[in-house]
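Here is a short briefing to read alongside the structure. Please keep the 3D view open as you go through the points.

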Amino acid sequence: MSSVTCQCQVSFMTARFVVVDKHRISFDVYHKLPCDLNRAIVVKTGYIDHFSPYQHISNVAYLIEKKEKPRYNQGTFFGRFKHFLDISDPRCLSPGLFFGMPLDRSRQLMEQYHTNTLPLNIDADTMWLAKKVHDAAIHPDTGDVILQPFRMCGFAVYGTPIIVGMLMPNPTLTTTVFWQALNQTHNAAVNYSNRNASQPTKVSDLVTGYLGAVASSVTIAVGLNQLVARANVSPATRTILSRFVPYPAVATASTCNMLLMRRSELKNGINVKDHEGNTRGISKAAAKSAIFQTMLTRIVLPAPLLVIPPALMMLIQKTPILKRFPRLRIPVESLVCVTAFVFGLPFAISLFPQEGSLDVSAAEPELQGLVDSQGKKVTKLYYNKGL
């Protein structure tokens, strides 16, 4: 097979891909000097085996494309899982220590990228890392630094003590109310800190959602604990059942919070776009689909955090080392909860694509018969599902 060469260029960046055979390509990325466009410096070069266009060209795409799309394919569950695993990576709380990329450095590189003033020795991997560190700490709409406890990457670190508190055996009324209220307060702060700030958020919606979540979680947790306490079962069984009470309480509260916060979407609809990215109108059908998918995510989300850890701890507690050193139970349970957070959170959020789709045939009558810029009939509309 003869080699085929193709080039693509954006601003001062040029990428050249040479197809060696059907399983292998070579690539070079050039940075043309603004002062002399006839000169160029190679900033990345190499070979790619078992070529997959989306997966591998994306490794150098940051140098040649201005669209800041996620690094991994959002059309597959595994791609979404890797994307959210990046966003919730606890190491981003101290990026200078773990990656050698302090937050200030990542902000500087992103600013240079947007102004086409990147140093010539910056490669794609460095820019992907800078984007990861930057996006983990900086609000995309306001540009403000999000406080560490309320970042997605800080969810595991700062949320683990709360989860451990809710999973403590034989809870009292006071401890149940305290941990459930604290958990919903933390969730509300995380939701607010990572909200879509392109449009103002009504304070009344925030307060209503928060109070509804706290009330529902406390009511369900206290009610289930009372049922467990009165159940005609052995003390050991009662202890086991009490450890699983937080899950239905948190799942119901999270769903309640989401429905209260987004009830206006069901009434008014949400924006929908065509495949070209153009907003084509507002759809209540898309809002129903988005909220239904988000509701399922909110139900699944607490399961890895509030079902898997207590189930594992029931097994781990029977090991000789914990029987001999019972004080190790809380540190071990904390480690189990952190692990569940790190992998369980991305798993639940990855169940559905962030950008949902809706067949035009299922949309409102005014959205029927749309055509794109090429005069072709629009068959699908797209919307932001929300988290």
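Let's begin with a helix pair: helix H7 passes helix H8 in a right-handed crossing. Please bear in mind that this is a predicted model.

**The H7 and H8 pair**

- H7 covers residues 173-193 and H8 covers residues 203-230; their axes come within 9 Å and cross at roughly 150°.
- The crossing angle is over 145°, so H7 counts as roughly antiparallel to H8.
- On the H7 side, the contact is made by Leu173, Thr176, Val177, Gln180, Ala181, Gln184, Thr185, Ala188 and Tyr192.
- H8 meets them with Leu206, Tyr210, Ala213, Val214, Ser217, Val218, Ala221, Val222 and Asn225.
- Sorted by class, this contact of H7 with H8 has 12 nonpolar and six polar residues, and no charged ones.

**The largest nonpolar core**

- The largest nonpolar core has 21 residues, and those with the most contacts inside it are Ile163, Met166, Leu306, Phe341 and Leu345.
- At least two residues of this core come from each of helix H6 (155-166), helix H13 (303-306) and helix H16 (329-349).
- H16 gives the most, with seven residues.
- Leu345 is in contact with Ser88, Met152, Phe155, Leu301 and Ala340, leaving aside its neighbours within four places in sequence.

**Another core**

Definitions and conventions
Residues numbered from 1 in each chain as written. Predicted model: local features only at pLDDT ≥ 70, side-chain atom pairs only at ≥ 80, totals over all residues. Heavy atoms only, no water. Axes fitted to C-alpha atoms, helices over the stretch in contact; angles between N-to-C directions. Helix = DSSP H or I, 4+ residues; strand = E, 2+ residues; numbered from the N terminus. Parallel < 35°, antiparallel > 145°, perpendicular 65-115°, else oblique. Left-handed = near helix turned anticlockwise from the far one by under 90°. Contact = heavy atoms within 4.5 Å. Nonpolar A, V, L, I, M, F, W, Y, C, P; charged D, E, K, R; others polar. Core = buried A, V, L, I, M, F, W, Y, C linked by side-chain atoms within 4.5 Å. Buried < 20%, exposed > 50% of the residue type's maximum accessible area, 1.4 Å probe, protein only.
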